[in-house]
Each structure stands twice: as structure tokens, then as C-alpha cells.
Amino acid sequence: MAIQKVAVIGAGTMGSGIAGQVANAEIEVWLLDLPSDGDNVNALAQRGLERLRETQGLMSDEFEKYIRTGNTRDHFDQLADCDWIAEAVVERLDVKRALYKRIDEVCQDSALVSSNTSTIPIRLLVEQMPLSFRKRFAITHFFNPVRFMPLLELVCGEDTAPTVMEELGAFCDQQLGKGVIDCKDTPGFLGNRVGCFAIQTALQAAFDMGLSPTQADAVFGRPMGIPKTGVFGLYDLIGIDLMSDVAHSLVGTLPADDPFIKEAEKIPLMTTMIANGQTGNKQGEGFYRNGPNGREVIDLTTAEYSPSSRLILDIGLKAERDGVRHLLDDDSIYADFAWRVLSRTLRYAASLIPEVGTDPIGIDDAMKLGYNWVKGPFELIDEIGVDYFIERLRASNMDVPPYLAEAAGSAFYRVKEGQLQVRNFSGVGRLWAELKRDDGVVRFNEKRRTLKPKNTTEVASWYEIDGMAMVEFHSKANALNGESMAILADAIDHVESGSCHGLIVHNDAQHFSCGVNLQAVRGYFRNDDMVGLDAFLAHFQQTVHRMASLSAPVVCAPVGMSLGGGFEVVLHAKQVICHANSVMGLVESGVGVIPAGGGCKETLYRWVDKMDGNINEAAWKAFMNLGYGKTCSSPILASEQAMLRANDRYLSNRDRLLSQAMSAVKEGGEQQAFDRPALAMPGEAVFEKMLEWLDQAHDKGKLTPHNVVVATELARILTGGEIPAGQLMSEQELYDAERKAFLTLVQTAATQARINSMLDHGAAVQN
Ligand code: NAI
């Protein structure tokens, strides 16, 4: 059955997010809440829609047209022809039960019904309902914010029909873009069970061991492959009150001997902070706050705030680069803290097998998709070493759960005969089984384990998959340097020579690429090596140009951010198949330079196409976007800004990008060649107008002096500068103009100040 009409009941944080994601799939959805007193009876549902706008829950405002708002008194009859009804009302059993009775009276027999509950067992939710209802009822547990968090835990009840699970699973995966995990009906399911445990353990450990929030977050963050908010930053982000509520509602559902209960004990300082309204970012202060002179952090013993700056530890950097074990092999307090958190959390995860599942995949996936961990708990144990971990647990007088003990001398994952395999709990089928994903789901980080790179360096590698060349960037933030481009060039050589029949550029890191490595750029200007910098830029341009000129298919499949040089690579693919949450743009002007990897010329050509050949209008559009460093937060918006072409596509599920890219290369049908004839340039009249515009914007205080300098160089490239209107410029001349402008700007003190401040303090000065 195709799901063509949906109703979401409860227009709060989650309900509005779910409705938004259904709208993003271009499916009609009714968003209902309680009727309000007063003039606007649908005020609550409309507030949900506003929340969606505020949180960028929609790919574009245009998608609001799929959402109808209403109330449960006047619009309940709309449920009659809905194919899926998602309940996301307050977490109260009586309210949910009363609603199901009403739903059952109006909905069609085939309608799927689900609850977003975090804590109520499915058995309790539907025990008063007839079997005909229980058969088509499941829990669909989304994570907040729904558009951006890929995890969906799908929980089936005793009576849920397998077809219902399949239909809901397929819809949430392919239309809503979620990584769907089938879960048992156990407390907290998988993500929150392990995630809350990890967070609470880190919090308690910091208090017990006398670490400051800054110190704790320097360990429980990037070094462990956890988002950089750390534990205290995460509490502030979500809300200290909300996080405490989640922890305590989980306590209420767990057996009395569950180790989580001890970790969730209340901390007096936090009770006081909640009472004082110091509940985090929304309230303006929590563990951290922005003081008059910058960021401040609370002292966990005195509750006083003092200045704080992010702490970066050497062992942290080492761990981030070479593995989490480096955090443990040290005799500092940081290593003790890391051991306390990791030993308890990873051991807890292992103790949940076989209660919650019989292999590591569910828990590992839940932590990666729902908590943005780079590695799941079992992958972390493998990285640390199963035997090392077991020995240290024993030495710390901690017992070893059976599933962990079974892995002694071995691991939870292995590669055998080209297959990635996982360890099953003993006695459940074969000990080792292939890690199988749904058809069309290929995660490169898993695929990579079964492959040998054809060529590799510290920052990039390329592989051959089914006869295609696939380039992966893998430096920090996937910043690009000469080596990245050399790997790309090598892969292109192999496609050109016919030894590979197409090229894919993809990686499944958080972000495709944040652009050219600014450290490398700084190296050139510090050494006054403009010849070297010009050669680097020329090689970058030649490489992307060769990529665009290949006769074989070339697909770029980016996720997350593709900025600056990263986006210039994307711009030169014959087809882009990107994730629906992709963010793209050429942001170079912010650091005082201009795109010089073909970004200016490609932006101009694309606007010329979009403006039906009107070069003057195209130059203005390109000038504005590049000058302001415009980024687009969805492929829909990117298409409107000529950043994507007609044959480019997007997918809601990032795990399906690679297989779609591979099919596109095999079939080759949707590839669009680059036709880049010489352009009759706007010339000096338009150039002068742009300079006038800059002067006026500067006089009005809208642009800084150096903004004007940078934008002048942009104007010169995009119009041709002081040349007569209509004079032709070839694609190569545009490339040359980009390099010339880049070199001019990089030698100015103001650009160097911007780059230095970006590298040293994380933000470019406004000079
Ligand atoms: P919320 O408090 O933001 O929104 C609940 C909405 O339900 C409110 O707008 C309220 O007016 C409405 N409501 C209450 N009774 C109703 C009724 N009888 N009919 C129609 N609407 C009614 O709550 P939130 O956070 O969106 O949570 C909703 C559900 O999702 C809960 O079951 C919660 O446990 C679960 N959940 C929450 C997550 C979160 O991060 N907030 C994450 C995952 C699940």
C-alpha cells in the first residue's frame, strides 16, 4: 500500500517535525492538535508550523503547501482516508489511549497507526484496543530534530502484523530518509537506553572526579568520536530540565537493579540550577553562558561563572586521529575520566545483549544515527581491543557481561573472504554472520573495510568498486590540499585510460568537505610562495576541469556541508546525487579570497543558463551570491540559486546515496555534459555599476572596507573588468582570472588577518 495521505496528531516538538518530514517527501499531511479557546481554534497546530519554520524543518517554505493544520474536534474526519496516522501527543497513557479509541472509530481498516512514545510499552498503549487495531499499530520513535536526526526506532507489538512493520519501515526509510532500526519493546529502546547512560555517566564522573565542564567536554567529545558539544554542552543545548526529565522517566521504566539508576541519581547543583532557571542555551545560561567578554563556564562546586575557552588536549587530538585507545594509555586525570566513562558505558552496552538484540548492529547504529557518534559502542571496544578491555574491567573489579566474555581473543566485527561479518550471541544461529543492509543501502565506512585502496594518502584515497573509481576525502573536516587533488587526478587518469568505467566522489563523514585547507594557504603566504600557490590553484582547476571533461559518467554524492573548494569539486560533476539535508555554497569571500577552483566561472555559466543567456543579469546574480558567500541549506534552495543543474537529484536517505551513484554511473543516462563556450562578457559598464553599488553599500555601513576589496575582484572576474561589452572570454581565461584575483587578495594584510583569525580563533575578523 502506498502512503499518500498522513495525519499527525500532536503538533508539539515532535509532531510538527514529523509532519515537516512528510511534507519534505511531498506527501499531504494533516497536523492536528487540541482546539484552542479564543479567535483561532487551530492556534496550537499553527504554532507547530511556526516552530517548523524556526527550526528549518522544511527543505523550502514551498513545502508548507503539503501541510494542513487543524484541530482534533473539527478535523478528525480527515483521518478517514489517511494511510498513516502518527500520534505524537504528550507522554500520558490516558491521553494516548483515549485518542486511539477515537482513531479506531474513524480510520479506514487498512490505515497504519503509530505512536512516538519514548517510554510507554506498546503492550500498555494498546491493551484496551481490539485485535484489528493492534495488528496495524507500532511505535515509530523519531529523534529531535526530526529532519536532521536520521534514527528511527520501529517497535512492533505482540500482535503487529509483519506487513505493517515492512510498510512503515520502507516508508520511513525511503520517503522520510530514516535509518530504521527494528527494536524490541524494551525500556528506552536502543538509542536512549545507551545514550542516556553514557551522558549520565560522564556527568556523574565529572562531578565525582572534580573535573570542570570544560575539562570533561575536552574528553567526552571529539576525542571519543562524540559531537563536540560534549556532555555539559549537550545538556545546555537540549535543556538541563528536559534532560533530567528524560533520565528520570527512563529510571521509572527500568528494573530496580539496572546500573542506569545509580548513574541517574540527582545532583544537588543541577536541582538548584533548574530551580533558578539556569537551564541552558534557551534561557541564556546553563553550565556555559555568554558573558560580556565571551564564553563563561560554571564552577561545579561554587556555582560561580568564570571565563572559559575550549580546551584541546594532546591525548584528545591523538585519540581523534589514531583511535580512542590513546585516551586510555595515559596517566592523567583525563585518562581516568575517559576510562570511567568508557568502561561503564561500553560494558553496559554489552550487558544489554541478548535482552535488546542478538548482535551489535542495533546498538551501534542507534548511537551513530541517533546520537551522532562516529563509532558505536562495539566498534569502540573493537578499536580499544576486546582483550585489553576485558582485562582492564577485571583489574577494576568490574564483571564482564557474557556477550563481551564470548568475544575474548576476537572481536565483534571482522572481515572474512571479502565480507564484513558480525558476531552473534552464542547459540543464536551461526556465530558469525554477514552484516547485511537493505537493498540499496550501502554505507561506505562499512564497504571500505572490505576493499583495498588503489591509491591512498593521509587525506584522500581512491578505490575500485564494481569497475568504477571512487574517491574518498578523509582529512579533518575533509579539507582539501594538493594531495587530495592528486588522488582525484590519479582516479581520473584511470577513468581516462578506460581501466575504470566512471568516477564517483563520495564519503560518508558528517560533511563532504569544508573547502581548501586554509593551513596550506597560510603556509604559502607565510613563505611568500606565490608561485607555489598559483601552481596549487592551477592543479586544482585542471583536476576539476578534467573531471568535468571525462567522457565516462562522473557522479558526486555529497552529504552535509560542501563548502568552498569542496563545493567546487561538486560543481564539476556531470551529475550530483546529494542528500536532502546538504548545505552548499562558495563561502571564500568570508576569509577574504574568491573561489579559484572554477567556482566563479562555473557560477557565472550556470546563471547564464538559468537567465536564458542574459549575461548581465547572470553576472549580477553571481556577484551577489559569491560576494555574500551565500549557502543553501537544501538542494531545492540550491537549485533556485543555480548551484545545482536540472539533472542533479537528491535523496532523503543518506545511506542510499552510494548505491544510487553507482547505478547512475552504470546507466549513464542522466549525465549532463559541460558546454562552456567563450562568453560575451558584460564589460566595463557593468563593472563600473558594481563598483558603484559597492561604494554605496560601504557608505551605508553594510560592507567593510575589505569586503569592498574582495567584491571588486569578484566584479572584475564576472564582468571581464575594464573591457568593452561583448568581448569574448574563454573558460580558460575565466580560470586564469580567478587565480590572478586569488593571488592578489591573499597578499593583502586584511585577507591574511582574516585567514589567521579563522585558523587561530575559529572566526574571520570583520575588517
Ligand atoms: P510537546 O509537549 O512538545 O507536544 C505535545 C503536543 O500534544 C502539544 O502540542 C499538546 O497540545 C498536544 N496534545 C496533548 N493532548 C492532545 C490530544 N488529546 N490531542 C491532540 N493533541 C494533544 O511534546 P513532544 O516533545 O513533541 O513529545 C510528543 C511525544 O513524542 C511524546 O510521546 C514524547 O515522549 C515523544 N518523544 C519526544 C521527544 C523529544 O525530544 N521531545 C523525542 C522522541 C519522542
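With six residues, α6 gives the largest share of the lining of the second largest pocket. Helices such as those named here (H or I, at least four residues) and strands (E, at least two) are DSSP runs numbered from the N terminus. This is a predicted model, in which local features need pLDDT of at least 70 and side-chain atom pairs count only at pLDDT 80 or more, while totals for chains, interfaces and linings use all residues. Residues are numbered from 1 along each chain as its sequence is written, and side-chain values use heavy atoms, with hydrogens and water left out.

Let us stay with the second largest pocket for a moment. It holds about 650 Å³ of space. Its lining has 31 residues, and V180, I181, D182, R437 and D438 are the closest to its centre. Two or more lining residues come from each of α6 (162-174), β8 (179-183) and α16 (361-371). By type, the lining divides into 11 nonpolar, seven polar and 13 charged residues. (Asp, Glu, Lys and Arg count as charged, Ala, Val, Leu, Ile, Met, Phe, Trp, Tyr, Cys and Pro as nonpolar, and the others, Gly among them, as polar.)

How is space like this found? Rolling a probe the size of a water molecule over the atoms shows where empty space is left. On a 1 Å grid over the protein atoms alone, a pocket is an open set of points with protein on both sides within 12 Å along at least five of seven lines; a cavity is a set where a 1.4 Å probe fits but cannot get out, and lining residues have an atom within 4 Å of a point. Grid points are joined across faces, edges and corners, and a volume is the space filled by probe spheres set on the points.

D182, one of the residues closest to the pocket centre, lies in strand β8. Is D182 buried or exposed? Its relative accessible area is 58%, so D182 is exposed (exposed means over 50%, buried under 20%, partly exposed in between, with a 1.4 Å probe and protein chains only). D182 and T140 are 42 residues apart in sequence, yet their C-alpha atoms are 9.8 Å apart in space.

Next comes the ligand. Of the 21 residues around the ligand, M14, D33, E91, K96 and N116 come nearest (a residue is near if one of its heavy atoms lies within 4 Å). Three of these residues place a polar side-chain atom by a ligand oxygen, as the table shows.

| Residue | Distance from its side-chain N or O atom to a ligand oxygen |
|---|---|
| E91 | 2.5 Å |
| K96 | 2.8 Å |
| N116 | 3.0 Å |

On its own, the ligand has 840 Å² of accessible area, and the protein covers 77% of it (Shrake-Rupley method, 1.4 Å probe). The elements that give two or more residues to the shell around the ligand are α1 (13-24), α3 (93-106) and β6 (137-142). The shell divides into nine nonpolar, nine polar and three charged residues.

The largest cavity holds about 100 Å³ of space, and its lining includes F567, R606 and M643. α24 (564-571), α25 (599-610) and α26 (615-627) each supply at least two residues of that lining.

Now for two buried residues. S343 lies in helix α15 (residues 333-351) and counts as buried because its relative accessibility is 2%. The side chain of S343 reaches the backbone oxygen of W339 at 2.6 Å and the backbone oxygen of R340 at 3.2 Å. E263, in helix α11 (residues 259-263), is buried too, at 5% relative accessibility. The side chains of E263 and R344 are joined by a polar contact of 2.9 Å (a pair of N or O atoms within 3.5 Å; within protein, one must be able to donate a hydrogen and the other to accept it, and residues adjacent in sequence count only if both atoms are side-chain atoms).

Finally, look at the backbone. Which peptide bond beside P145 is cis? The bond that joins N144 and P145 is cis, with omega about -5°, and P145 is found in the loop between β6 and β7 (151-156). The bond from I353 to P354 is cis as well, with omega near 15°. Q56 has a positive phi, near 55°, although it is not a glycine; at 44% relative accessibility, Q56 counts as partly exposed. N397 is another residue other than glycine with a positive phi, near 60°, and at 75% relative accessibility N397 counts as exposed.
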